Amino acid sequence: METNNFKVVPEKLVGKTVEEVAIANNAVVIKFTDGTFFDIYSSQTLKTSTNNLEG
């Protein structure tokens, strides 16, 4: 499997609205209402939670 590394710029995510989230053992995919995606993949099992962000 070919791997591409990309740098995430947090400022480009500000103001986007999440439409859908898919969570699997080795991936998290976030779809925004503007049709863009934020994908996180790992060869190891990911730990996920649904905690509230403070701020």
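**Fold, contacts and a pocket**

Read from the N terminus, the elements of the protein chain follow the order β-β-β. Please keep in mind that this is a predicted model. The count for the protein chain is 3 strands and 0 helices. Along the principal axes, its C-alpha atoms fill a box of roughly 35 × 25 × 20 Å. The protein chain has 55 residues, of which 7% count as buried.

Let me turn to the charged side chains. How many salt bridges does the structure hold? There are 2 salt bridges in the structure.

One of them joins the side chains of Lys16 and Asp34, with an N to O distance of 2.9 Å. Lys16 belongs to the segment before strand E1 (18-24), while Asp34 sits in the loop between strand E2 (27-32) and strand E3 (37-41), so this contact ties together parts that are 18 residues apart in sequence. As for accessibility, Lys16 is partly exposed at 29%, and Asp34 is also partly exposed, with a relative accessible area of 47%.

Lys16 has a further contact to report. Its charged end sits over the ring of Phe32, 5.4 Å from the ring centre.

Lys31 is part of strand E2 and Glu19 is part of strand E1, so the pair ties together parts that are 12 residues apart in sequence. Lys31 is partly exposed, at 26% relative accessibility, and Glu19 is likewise partly exposed, at 45%.

What of contacts between aromatic rings? A search of the whole structure for aromatic pairs finds 0.

I come now to the second largest pocket. Which residues line it? The lining consists of Ile23, Thr48, Ser49, Thr50, Asn51 and Leu53. By class, these comprise 4 polar and 2 nonpolar residues, with no charged residues. The space within this pocket amounts to about 230 Å³.

Thank you for your attention.

Key: Residues numbered from 1 in each chain as written. Predicted model: local features only at pLDDT ≥ 70, side-chain atom pairs only at ≥ 80, totals over all residues. Heavy atoms only, no water. Salt bridge = Lys/Arg side-chain N within 4 Å of Asp/Glu carboxyl O. Helix = DSSP H or I, 4+ residues; strand = E, 2+ residues; numbered from the N terminus. Buried < 20%, exposed > 50% of the residue type's maximum accessible area, 1.4 Å probe, protein only. Phe/Tyr/Trp six-rings, centres within 6.5 Å; stacked < 30°, edge-to-face > 60°. Lys NZ or Arg CZ within 6 Å of the ring centre and 35° of its normal. 1 Å grid on protein atoms, 1.4 Å probe; cavity = no way out; pocket = protein on both sides within 12 Å on 5 of 7 lines; lining within 4 Å. Points joined across faces, edges and corners; volume = space filled by probe spheres on them. Nonpolar A, V, L, I, M, F, W, Y, C, P; charged D, E, K, R; others polar.
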